[in-house]
Amino acid sequence: MAIQIKTLDQLKLMRRAGLVVGQTLELLRQSMKPGMTTDALDAIAAAHIKRAGATSNFLNYHGFPAVICVSINDEIVHGIPGARVIEEGDIVSIDCGAIIDGWHGDAAVSIGVGTVNSEDQKLMDVCEESMWRGIAAGKNRAKLSDIGYAIEQYTNSQGTYGILREYGGHGIGTEMHQEPHVLNFGKAGQGPEIVPGLVLAIEPMITRGSERTKVLGDDWTVVSIDGSRGAHFEHTYCIAPDGKPFVLTAIDGGKAELGRLGVEISDLL
Ligand code: MG
Ligand code: MG
């Protein structure tokens, strides 16, 4: 399948979907507390997505039974919400998506519940910053692999972390998962050119130990093979027609975080 290039009007629809995702994740962050079940988080997300006039792209995706993935501690991605109770000190990774007028948004955050130990906090901080470095590197006229190169270089500069190999970012538009696949590691300067109208979901997944994973018996939940804790951050961003990036799932469009890295966001969206 060819890479889908979006018009400005299509990007504006994707911004609406992205904003619903960003707002849902912010609501979940505020709602998160020890003692609640992961099912309760899913219910909050489902209600918000509906209230916003959007639909879920996760629900029924290859049979997935919920509107968010909730992955705790050694679970890194694709956890299914259920009766599990969230505890103080947990790392809770939430992945969420929404559709408006057929256009998709996709984003994820890892949240430390209450007081988390400093190594877990650093794991989350490194993962989030690597995502922003990846987005900043994925500028107009860069090459696709510059993103993964930036993610890997930053992550490795911060300590010993396992960068998941089997999972990565992706194109997104009229489907949640489109070409191209975006690696979170590798050499710079390879792959397709990043051009205006390209929309990518950038999503580093790292652990405090092994990069190797296995899928649990529920056929969804991805855990680290060595039980080490993981983190996952994701944003959907585009290159606007003016050649500047805009983070469709960030409430501020990425202005603060990309600005800190010296990247100006587009004002077309
Ligand atoms: Mg996602
Ligand atoms: Mg994704």
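This is a predicted model: local features need pLDDT of at least 70, side-chain atom pairs count only at pLDDT 80 or more; totals for chains, interfaces and linings use all residues.

Visitor: Which residues of H2 are called buried?

Guide: Thr38, Leu41, Asp42, Ala45, His48 and Ile49 of H2 are buried, so each falls under the 20% cut-off. They sit on the same side of H2, because their arc around the axis is only 130°. Lys50 and Arg51, on the other side of H2, are exposed.

Visitor: What do the buried residues of H2 pack against?

Guide: Their partners are helix H1 (8-31), strand S1 (68-72) and strand S3 (91-100). Contact takes heavy atoms within 4.5 Å.

Visitor: How do you know that the length of helix H2 agrees with what it should span?

Guide: Helix H2 covers residues 38-51, which is 14 residues; at 1.5 Å a residue it should span 20 Å, and its end C-alpha atoms are 20 Å apart, so the two agree. After H2 comes Gly53, with a positive phi near 80°.

Visitor: Why is Asp106 called a bridge?

Guide: Asp106 bridges the magnesium ion (ligand 2) and the magnesium ion (ligand 1), which lie 3.2 Å apart. Asp106 is in strand S4 (residues 103-112), while Glu234 is in the loop between strand S12 (230-232) and strand S13 (235-239), 128 residues apart. Both Asp106 and Glu234 are buried.

Note on methods. Residues are numbered from 1 along each chain as its sequence is written. Chains are lettered from A and ligands numbered from 1 in the order in which they are written. Side-chain values use heavy atoms; hydrogens and water are left out. Helices (H or I, at least four residues) and strands (E, at least two) are DSSP runs, numbered from the N terminus. The expected span of a helix is 1.5 Å times one less than its number of residues. Buried means under 20% relative accessible area, exposed over 50%, partly exposed in between (1.4 Å probe, protein chains only). The arc is that of the directions from the helix axis to the C-beta atoms. Donors are N, O and S atoms within 2.8 Å of the metal (3.2 Å for Na, K and Ca); water is not among the atoms, so sites may look incomplete.
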